[in-house]
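Welcome to my notebook. I picked a few spots to look up, and here is what I wrote down.

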Amino acid sequence: MKRSNLRAPSTPPAAEPGPAAAERLPPPKRILLVEDEAMVAMLIEDILEDLGCAPAASVSSAAEAMRLATTQDFDLALLDVNLGGGETSFPVAEVLRAKGTPVAFLTGYGRGGLRADFQDLPVLGKPIDPKELERLVRD
């Protein structure tokens with residue numbers, strides 16, 4: 001996104017936001033998105049941008065995700081369960097949970113495809129519902 005070089009207006013600042021604005025928490029700042037389907041990843045990135053945030057990292061493989069999970073900190077991780085080549089994001093989720101990072105899974109198969117130790121984590125179905133993603137990011 002290009003930043004504008006416009007100067008700030010010379011009018012006084014607006015009044016404080018009302019209670020509704022104060023109740024909305026800002027979305028997480030650092031989101032790890034792991035999705036092997038480029039079109040799905042782009043859709044999620046667009047939804048996140050509409051919510052006022054964007055992934056700090058968007059990767060498509062378990063190896064890339066693991067590298068980031070072990071070397072960086074994130075406020076939230078959105079992990080596609082099934083990645084190409086028969087890989088899953090479960091090892092990445094293990095590392096992130098151990099670090100205290102909130103994790104949510106993305107899958108078209110519902111909770112049935114999750115391991116028993118991940119049944120407590122949020123699951124977003126595919127196709128992604130923007131309202132569900134917003135609720136997850138805002139919580």
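**Helix α3.** I began with α3 (residues 62-71), where Ala-62, Ala-65, Leu-68 and Ala-69 are the buried residues. Because these cover an arc of only 130° around the axis, they sit on the same side of α3; the arc is that of the directions from the helix axis to the C-beta atoms. On the other side of α3, I found Ala-63 and Thr-71 exposed. Buried means under 20% relative accessible area and exposed over 50% (1.4 Å probe, protein chains only). Helices (H or I, at least four residues) and strands (E, at least two) are DSSP runs, numbered from the N terminus.

I note that this is a predicted model: local features need pLDDT of at least 70, side-chain atom pairs count only at pLDDT 80 or more, and totals for chains, interfaces and linings use all residues. Residues are numbered from 1 along each chain as its sequence is written, and side-chain values use heavy atoms, with hydrogens and water left out.

Next I asked what the buried residues of α3 pack against. The partners are β1 (31-34), β2 (55-59), β4 (82-83), β5 (87-88) and α4.

**Thr-101.** I found Thr-101 in the loop between α4 (90-98) and β6 (103-107). Is Thr-101 buried or exposed? Thr-101 is buried, at a relative accessible area of 7%. Leaving aside neighbours within four places in sequence, Thr-101 is in contact (heavy atoms within 4.5 Å) with Phe-74, Asp-75, Leu-76, Ala-77 and Leu-96.

**A last look.** Both Phe-90 and Phe-105 turned out to be buried.
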